[in-house]
Amino acid sequence: MSKVDFSRMKFYCDETLCIDCNGCVVACKEAHEVPVGVNRRKVVTINEGIVGKEVSVSMACMHCTDAPCQQVCPVDCFYIRTDGIVLHDKNKCIGCGYCLFACPFGAPQFPKDGAFGTKGKMDKCTMCAGGPEETNSEKERHLYGQNRIAEGKVPMCASMCSTKALLVGDAHEVALIKTYRATKKGQGIVTDSYGW
Amino acid sequence: MANTWGYGAMTNHIGDMQNSKAIIIFGANPAANHPIAMQHILKAKEQNGAKIIVVDPRYSKTAAKSDIYCRIRTGTDIAFMYGMIRLILKNKWYDQSFIQDRVYGMDEIFKECEHYTPEVVEDITGCPKEILIQATTAYAAADPGCLIWNQGWTQHTVGSSNTRLGSILQLTLGNMGKAGGGCNILRGHDNVQGSTDMGCLADTLPGYYGLAEGSWKYFAKQWNVDFDWLKARFKTPDMMQKKGFSLSLWIHGVLDEANNKNNADAPLKALVCIGNGISTITQTHKMKEALDKLDLVVFIDPYVNDAAVITTRNDNMFLLPAASQVETEGTVVNTSRCAQWRYKVVDPLYEARADHEILFDFAKRFGFYDQYIAGMGKGDKFVWPDDATNEIAKALKTIGMQGRTAERIKKHTTNWHLFNDTSLKGRGVVEKEYYGLPWPCWTTSHPGSPVLYNLSLPVSQGGMGFRTRFGVERNGESLLAANGSAPVGSRIKGGYDEITAKNIEELAGITLSEDEKKLLEGKNWKNDDSGLLNKYALEAGLAPYGNARARTIVWEFIDNIPKHREPLHSFRHDLTAKYPASNDNPNHFRTNVRYISEQTKQEWVKDYPINIVSGRLVEHMGTGTETRASKYLAELAGEMYGEIHPKLGGKLGINDGDMMWVYGTGEGKIKIKCKYGYTVDENSVFLPQNFSGVWSGESLEKRYPGVTAPYALGENSNQITSYGYDQQTSCPETKCSLVRLEKA
């Protein structure tokens, strides 16, 4: 019997480490050649400048298990991969913006440079997994950007994170890293930096 | 730094910060300016339990990650540190044996600090005394503690005193020469350490050799040129040994004829600017006047230098497109003295040419190409940049570059993955070596020195005491390290003078052969081409530069010990009588520089009641010439602004998003957007330094040739920063300035 794969891909951003450097944002945009005005990823800072209360966190599509965007989409353009990555089909998308209303995180993005400033096809974080077109094809790259997951690479944002605040991977693995960090707290240097 | 213990460089390295138990950060914002360094700081906090203490007028992104935040008024760091030292003294938290064995003149500091009670410190700095006590307690309790600073300390009229007192604070606590301690200066940008090592300074030759005749003669030999030929290149012989105009002061050599007498009776007539953002210096409006007045201006840059559009001259200005870092090859040196080979990725695009090719062409046309390349010793058959790298290794003995050959540096870069980033130690084919051979790297088999002044390692493995640089005694007191204080494995168990041909036999316990004696006649460790002195010194466990005490008293300086002096344009006019600026200096890097006369000229704060806090944005680099030309970075930070507290905005009637005029104490003014925020106090405005291309409300976009204008343009904040230069180094005062804000 073949082994069942229960992996679910998740992002996790540790707000005690995120320094609002926007490295993730720029890495994402450069990698996928995202147009100016469309932000697949953003760094949000709350209580900026208030002593002891400022917190920054990097946000993108959270790839929800029960994704609200998928439920409200009138043309059913969303699909969820078996590893949990939420993707959509730009050929089906009609740019209505329902997904943006439904999303708790403001992830769906719409180009604003069309005639009359109308909304175009929705664009969002693909967790660097491309879209429904043929994997690593020119068409896929043009519509959705790189497919790094297919190449076995870490998504661009997390790989570029300067303080390793942003983690991505199977939820179980991410939780293990977080647990490891928590149990090693204050115990001396135990890891090499770039794998921290 | 150099005047305290011998070398002006970061003593430890970035990864080493992980070993700290407390990290105190003054005048630096690594979260915005050195995000990768911040990784090591946060790792020290999480895994090593280090307390992070940030002393800054602004609640920066770094401060947001601190355990203790101390908000001080700009330019009052010295008072704050004396307050710390006084608490350390009163509570006996100092390292008695370290001070006894390795420091000269600590009594003077302990005397001076008596004045700085927590109450006095609170009055001067504005930081509540409870927080000072809390920060000092936490920092003194940690072993080891590391101190970090950056331009927030150096760009002051008293910048040199800031860095000295920081070094002294570390000496007080015995935090020097050990992993996790040290003074870690985060350099402002890529290869700053490398370019100062190469002598991109107004007062040294490469490798920090001075300008005395002996140094020139030494270099004439290294460069394989005739000393008299070199000498003849100067207008008068005395100019050869005179400090030049510094980067911050050159404008006064153009504009103020009174300075001609310091410059062989002539004003500056031409400027060649190679890859320098000269508008990051204060008083950009004066720089414009200077650029307009010069006979000739040349910019060599991959991008159009913003100074080229600021000037309104329309003749005799040349923009030469230079290759970027990926289009050329060579070494870079990072903030922690480590070298790395930068391989060429692509050939230069379009008309761009590598800097050295442009310079070779200049040399050919000026007629000194043969002499220019003679140092490499191969005529015009040299291999670039390998032979030049080896020439550097051969010539720069003062900082121990002998071991940094092109071959070794390339080997380290290629095997980058084999080094541990906390210790820099290599494994496998680079076993026992330290990444990038941090200088001093005394011989071609030396592993480099990751932590300076570390006694727990033999010299041959990167250990050393403090440098014997200031003589062996002062007023009858020895300046050499005490008995028992020497690197592990040293033949001499205490202090000793720098190694010379005269003392090597006695110190190393050897007898030189007649041939060796002849070879070494009149030589010392700084000019011995044979390498014998270093070889014998290392074999006996001796550092070629000696083993001495660090000094707190710098008798050559205006302030023998660091003194708190109010900024020239002080927000606290009432304190200027008690803590006055130093006397005017008529010939400071060939310039007549005003100090006390500027401070007492008027009660500045009356007309200019708001303090500025300046800094960088994480998205941009220097003047932003390169980064503002990136569409994504321009999207994230595309507009110049001034951040003020909503209460100040309310008082001035300026709303969030309004445009406002900012008037400086000079003649400059800028029109920028008001942003409400809480990072600075109610008397201050935060101004980012990264914009240019808008001039007092007018866009200069049309002055950019063709399509070269960057995506984001903005007012240059240095148009309104005040007059002022460091009393020793002439570093510009970009940090303490007063302004007036008005709704536009």
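Here is a quick tour of a strand hairpin, a helix pair and the chain contact in this predicted model.

Start with the hairpin in chain B. Strand E10 (residues 330–333) runs antiparallel to strand E11 (residues 339–342), and the two pair over 4 bridges. Within that pairing, B:Arg342 of E11(B) sits opposite B:Gly330. Between the strands there are 5 residues, and B:Arg337 in this hairpin has a positive phi near 70°.

In a regular strand, side chains alternate between the two faces of the sheet.

Next, the helices. In chain B, helix H4 (residues 77–90) and helix H7 (residues 118–125) have axes that come within 9 Å and cross at roughly 165°. Angles over 145 degrees count as roughly antiparallel, so H4(B) is roughly antiparallel to H7(B). The crossing is left-handed. On the H4(B) side, B:Ala79, B:Phe80 and B:Gly83 do the touching, and they meet B:Pro118, B:Val121, B:Ile124 and B:Thr125 of H7(B). By type, the residues of this contact split into 5 nonpolar and 2 polar, with no charged ones.

Finally, the meeting of the chains: 33 residues of chain B contact 30 residues of chain A. On the chain B side, the elements giving two or more residues are helix H3 (35–47) and helix H26 (631–636). H3(B) supplies the largest share, 9 residues. This side of chain B is made up of 13 nonpolar, 12 polar and 8 charged residues.

Key: Residues are numbered from 1 along each chain as its sequence is written. Chains are lettered from A and ligands numbered from 1 in the order in which they are written. This is a predicted model: local features need pLDDT of at least 70, side-chain atom pairs count only at pLDDT 80 or more; totals for chains, interfaces and linings use all residues. Two strands pair if DSSP finds at least two bridges between them. Axes are lines fitted to C-alpha atoms, for helices over the stretch in contact, and angles run from 0 to 180 degrees between N-to-C directions. Angles under 35 degrees count as roughly parallel, over 145 as roughly antiparallel, 65 to 115 as roughly perpendicular and the rest as oblique. A crossing is left-handed if the near helix is turned anticlockwise from the far one by less than a right angle, and right-handed if clockwise. Two residues are in contact if their C-beta atoms, placed from the backbone, lie within 7 Å. Ala, Val, Leu, Ile, Met, Phe, Trp, Tyr, Cys and Pro count as nonpolar, Asp, Glu, Lys and Arg as charged, and the others, Gly among them, as polar.
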